[in-house]
Structure formats: C-alpha cells, structure tokens
Amino acid sequence: MSSSASEARLAVVTGGLGGLGTEICRHLARAGRRVVALDLAARTERIETFQRELADLGDSVTFEPGDVADFDASQTAIERIEAKHGDIDILVNAAGITRDASLRKMTPQQWHELLRVNLDGVFNMCRHVVEGMSTRSFGRIVNISSVNGQTGQFGQTNYSAAKAGVHGFGMALARETARKGITVNTVSPGYCDTPMVAAVPEDIRAQIIAGIPVGRLGSPADIARAVVFLAADEAGYITGANLPVNGGYFMSF
Ligand SMILES: NC(=O)c1ccc[n+]([C@@H]2O[C@H](COP(=O)([O-])OP(=O)(O)OC[C@H]3O[C@@H](n4cnc5c(N)ncnc54)[C@H](O)[C@@H]3O)[C@@H](O)[C@H]2O)c1
C-alpha cells in the first residue's frame with residue numbers, strides 16, 4: 001500500500017496553470033487530494049493569478065515549475081516534488097500546445113515542437129513515475145487527449161497524431177501496469193470554453209458550437225469531473241479506456 005495512503009493521495013497535474021489544468025487541480029483538491037500543478041516556469045504572471053484563484057483551497061494545491069518536453073527536466077521536477085511532498089499516486093498529463101497549419105504549410109519545427117510537448121511529454125512523465133507506483137502497487141494515470149485525436153481536424157495533422165498517440169500509448173501502458181495496481185486512462189475533451197478555444201476565429205467557433213448536440217462548449221469542470229472519477233481509488237477496474245467528454249460532438253462505440 002502507498003506510504004501516502006494514510007494521508008491524502010498526491011496528484012501531479014501537468015499543464016496545471018492552463019484552462020483545463022487549473023480546474024482539474026481545483027476538483028482533485030476538493031476531492032481531498034494534495035495537488036501539485038506542474039507547468040512552465042516562464043508563466044510567472046499566470047502563477048500569481050493561479051495562486052489567487054485557488055487560495056480558498058489553502059496549501060492543498062501548490063505549484064512546481066517543470067518542462068515536460070524535456071526528459072531530464074521532467075525527472076528533476078518529479079524528484080523535487082517527491083522530496084517536498086512524498087510519493088506521487090496520481091498523474092494527470094494535461095500539458096499541451098497547438099501549432100496549427102495545413103500539412104502543405106506545416107514546418108518540421110511546428111511538427112516537432114508539438115510532438116515534443118503533447119506526446120513526448122506524456123512519455124517523459126509516465127516514464128519517471130511508473131517505477132514508484134509499481135513498487136507501491138498503486139497508481140492512477142489520466143492522459144488528456146482530444147476529440148480531434150479521434151476524428152482528425154483540418155490544420156491539425158500534428159495535434160491529431162499526438163492525441164491519437166496518447167491513447168495508443170495509454171492502452172499499451174495499461175497492459176504493462178495492470179497487475180501493479182496502476183490504471184492508465186484517457187479523457188478526450190471536445191471543444192471547451194478555454195483560452196485555447198477562444199483563440200479559434202469567431203466564425204469557426206460558431207460553426208463548432210452549432211455541431212455540438214448539447215448546444216454549448218464544454219466547461220473545464222465537465223472535464224475535471226471525468227478526471228476525478230478516473231483518479232479515484234475505487235476506479236481500479238477501469239483501465240486502458242477512453243472517456244469522451246464532448247457534448248455528443250463525436251459518438252462512437
Ligand atoms: N481547451 C480545449 O477545448 C481542449 C479540447 C481538447 C483537448 N484539450 C487538451 O487539454 C489539455 C489542456 O488544454 P487547455 O485548454 O487547458 O490549454 P492551455 O493552453 O490553457 O493549458 C495548457 C498548459 O500546458 C502548459 N504547457 C505547455 N507546454 C508545456 C511544457 N513543455 N511543460 C509543462 N507545461 C507546459 C502551458 O503553459 C499551459 O498552462 C491539452 O492537452 C489540450 O490539448 C483541450
């Protein structure tokens with residue numbers, strides 16, 4: 001059993017300062033977890049706002065700088081978190097970027113930058129936490145993919161490839177770790193009311209909303225609730241699954 005089982009389990013949320021990441025941190029803390037938001041040190045202005053926004057949760061949510069795109073930096077960040085807070089029980093990989101361009105115009109830099117954060121980042125973080133989770137026979141890993149990894153999206157060959165890759169990675173890791181008490185699942189958000197989607201041109205955003213059966217963008221809380229569900233101790237029989245949270249935008253069996 002985890003050394004932290006007697007106290008609140010420790011969750012690390014990458015991209016924790018982001019639109020979805022912040023809400024995931026909030027919901028995990030409200031569910032009684034201790035939470036570390038891991039994000040780029042460069043986002044200094046956002047760190048202060050984040051701390052103000054989550055002030056009501058006291059010291060159950062803290063911030064640690066780290067770059068998931070870098071293998072060694074990920075290891076350093078994880079070691080620092082473990083030294084300060086103890087064993088990591090829950091990992092939520094929510095760090096992500098977009099570098100949109102149609103394939104005919106996409107540069108190798110746009111391709112590689114995106115893959116380094118959105119797919120290498122998941123490998124880097126999982127690679128450094130799985131050993132400890134296996135030793136302690138408990139772990140919950142939730143990777144944030146996207147509906148665009150399931151359907152493809154114009155101008156997003158890089159993003160769609162990475163997000164589909166995240167789920168393939170998760171299914172393989174789920175098989176490798178199932179006997180160790182670790183679950184690995186994917187949450188695939190549809191279009192959510194976040195800065196990432198606010199950056200989409202107005203007319204395209206209106207078209208997107210018109211195509212969502214529920215008739216609205218998702219809220220960050222819609223996504224966070226799915227993450228909390230999969231991260232629960234009681235969710236041990238759900239692994240290698242993808243949980244779409246998209247308002248019916250894409251339905252599959
Ligand atoms: N917003 C949506 O509608 C939507 C839909 C589907 C999927 N997603 C996915 O959900 C996740 C969160 O999206 P969001 O809307 O909160 O985006 P966001 O841009 O608000 O947040 C992403 C966060 O990741 C951080 N980040 C970027 N590169 C990093 C790195 N190398 N190391 C550490 N942190 C890094 C950013 O600083 C930022 O805080 C992403 O993976 C995104 O692809 C979002």
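How close do the axes of helix H3 and H4 come, and at what angle do they cross? The axes of H3 (residues 71-85) and H4 come within 9 Å and cross at roughly 45°.

## Basis of the model

This is a predicted model, in which local features need pLDDT of at least 70, side-chain atom pairs count only at pLDDT 80 or more, and totals for chains, interfaces and linings use all residues. Residues are numbered from 1 along each chain as its sequence is written.

Helices (H or I, at least four residues) and strands (E, at least two) are DSSP runs, numbered from the N terminus. Axes are lines fitted to C-alpha atoms, for helices over the stretch in contact, with angles from 0 to 180 degrees between N-to-C directions.

## Helix H4 and its neighbours

H3 and H4 are oblique to each other; angles under 35 degrees count as roughly parallel, over 145 as roughly antiparallel, 65 to 115 as roughly perpendicular and the rest as oblique. In H3, Phe71, Ser74, Gln75 and Ile78 meet Asn124, Met125, His128 and Val129 of H4, contact being defined by C-beta atoms, placed from the backbone, within 7 Å. This contact has four nonpolar, four polar and no charged residues. Here Ala, Val, Leu, Ile, Met, Phe, Trp, Tyr, Cys and Pro count as nonpolar, Asp, Glu, Lys and Arg as charged, and the others, Gly among them, as polar.

With helix H6 (residues 157-177), the axis of H4 comes within 9 Å and crosses at roughly 15°, which makes H4 roughly parallel to H6. Residues of H4 in this contact include Trp111, Leu115 and Phe123, and those of H6 include Tyr159, Val166 and Phe169. By class, the contact of H4 with H6 has 13 nonpolar, six polar and one charged residues.

## Helices H1 and H9

The axes of H1 and helix H9 (residues 220-231) come within 8 Å and cross at roughly 50°. That angle makes H1 oblique to H9. Among the contacting residues are Leu20, Glu23 and His27 of H1 and Ile223, Arg225 and Val228 of H9. The contact comprises ten nonpolar, two polar and three charged residues.

## Ligand shell

The ligand is surrounded by 29 residues, the closest being Gly15, Gly18, Leu20, Gly96 and Cys192; a residue belongs here if its C-beta atom, placed from the backbone, lies within 6 Å of the molecule. Helix H1 (19-30), helix H4 (108-136) and helix H7 (195-198) each give two or more residues to the shell. By class, the shell has 16 nonpolar, ten polar and three charged residues.

Note on methods
Two residues are in contact if their C-beta atoms, placed from the backbone, lie within 7 Å.
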